[in-house]
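Subject: Structure handover

Hi,

Here is the structure for you to look through. My notes follow below it.

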Amino acid sequence: MTTFVPLPASAAWTHEHARQGFEVVYFRRSGDGHGQHIVGCTTAAESGLTWTVDFDITLDADWLTRRAVVTGRSEAGTRSTVLQADGAGRWRVDGAPAPHLDGILDVDLESSAMTNTLPVHRFQLAVGASAAAPAAYVRALDLTVERLEQTYRRVADEGSGQAFDYSAEVFDFRCRLLYDESGLVLSYPGIATRAT
């Protein structure tokens, strides 16, 4: 089983290859002291376009996404979207029911390397075990919310951290994600590298 030390107060990633940019995230215990409150921002240049995405995510004690407020800025202007989840797989996007997200427990932001920590904490997989982790996937430029099917498989640890084989079939993408002792991504090949 995967066990993690407490999250640091903050973390940062350099985004590379797919985009050039930087992400900074702050972690706090939620108001009730049992869940997590995560606030962050990513700035990037990608395919000749520039954008920023701010996010404010609330997780419950079981690492289930309960709320995410995402605000994006680009040359097209500023937009915002609010995702709310009941913790049992039902979602609302900007107040409207989102049945295409039924059964999903995590939010995953296209702009963020950090959001790949959410299912890893929730599953606490033993080496050799795997799990499907469909996510409410928020696009960086227009903040559309899609269903993203993805899978994590725990492999042998590398150093003091954990390693997972990750796949997202819709993008024909597979890689090995390396995590630190707190369960935050250190290396996301082709996407991001931990800076602090």
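A search of the whole structure finds six aromatic pairs. Rings of Phe, Tyr and Trp (its six-membered ring) pair if their centres lie within 6.5 Å; planes under 30 degrees apart count as stacked, over 60 as edge-to-face and the rest as tilted.

Before the details, two notes on the source. This is a predicted model: local features need pLDDT of at least 70, side-chain atom pairs count only at pLDDT 80 or more, and totals for chains, interfaces and linings use all residues. Residues are numbered from 1 along each chain as its sequence is written, and side-chain values use heavy atoms, with hydrogens and water left out.

**Aromatic pairs**

Tyrosine 166 lies in strand β14 and tyrosine 188 in strand β16 (residues 185-188), so the pair ties together parts that are 22 residues apart in sequence. Strands (E, at least two residues) are DSSP runs, numbered from the N terminus. Tyrosine 166 is buried at 5% relative accessibility. Tyrosine 188 is buried too, at 9%. Buried means under 20% relative accessible area, exposed over 50%, and partly exposed in between (1.4 Å probe, protein chains only).

Tyrosine 188 also pairs with phenylalanine 173: the ring centres are 6.2 Å apart and the planes are at 50°, so this pair is tilted. Phenylalanine 173 sits in strand β15 (residues 173-179) and tyrosine 188 in β16, so the pair ties together parts 15 residues apart in sequence. Phenylalanine 173 is partly exposed, with a relative accessible area of 23%. Ring pairs link Tyr152, Tyr166, Phe173 and Tyr188 into a cluster.

**Pockets**

Tyr188 turns up again here, among the residues nearest the centre of the largest pocket. On a 1 Å grid over the protein atoms alone, a pocket is an open set of points where a 1.4 Å probe fits, with protein on both sides within 12 Å along at least five of seven lines; lining residues have an atom within 4 Å of a point. Grid points are joined across faces, edges and corners, and a volume is the space filled by probe spheres set on the points.

Strands β9 and β14 (161-168) each supply at least two lining residues. By class, the lining has 10 nonpolar, two polar and five charged residues. Ala, Val, Leu, Ile, Met, Phe, Trp, Tyr, Cys and Pro count as nonpolar, Asp, Glu, Lys and Arg as charged, and the others, Gly among them, as polar.

The second largest pocket holds about 210 Å³. Of its 14 lining residues, Val5, Pro6, Leu7, Trp63 and His121 lie nearest the centre. Strand β2 (residues 20-29) gives the largest share, three residues. This lining divides into six nonpolar, six polar and two charged residues.

**Strand β11**

β11 pairs in the parallel sense with β9 (residues 106-109) over four bridges. Two strands pair if DSSP finds at least two bridges between them. Leucine 109 has valine 138 as its bridge partner in β11.

On β12 (residues 145-148), four bridges join the strand to β11, and the two run antiparallel. Here valine 138 stands opposite valine 145. β11 and β12 form a hairpin with six residues between them. In the turn, leucine 143 has a positive phi of about 60°.

**Salt bridges**

The whole structure has 15 salt bridges. Each is a side-chain nitrogen of Lys or Arg within 4 Å of a carboxyl oxygen of Asp or Glu.

- Aspartate 86 and arginine 90, 2.9 Å apart. Aspartate 86 is partly exposed at 30%, and arginine 90 is exposed at 51%.
- Arginine 154 and aspartate 157, 2.6 Å apart. Arginine 154 is buried at 5%, whereas aspartate 157 is partly exposed at 41%.
- Glutamate 169 and arginine 174, 2.8 Å apart. Glutamate 169 is partly exposed at 48%.

Finally, Arg153, Glu158, Asp165 and Arg176 are linked in a network of salt bridges.

Best wishes
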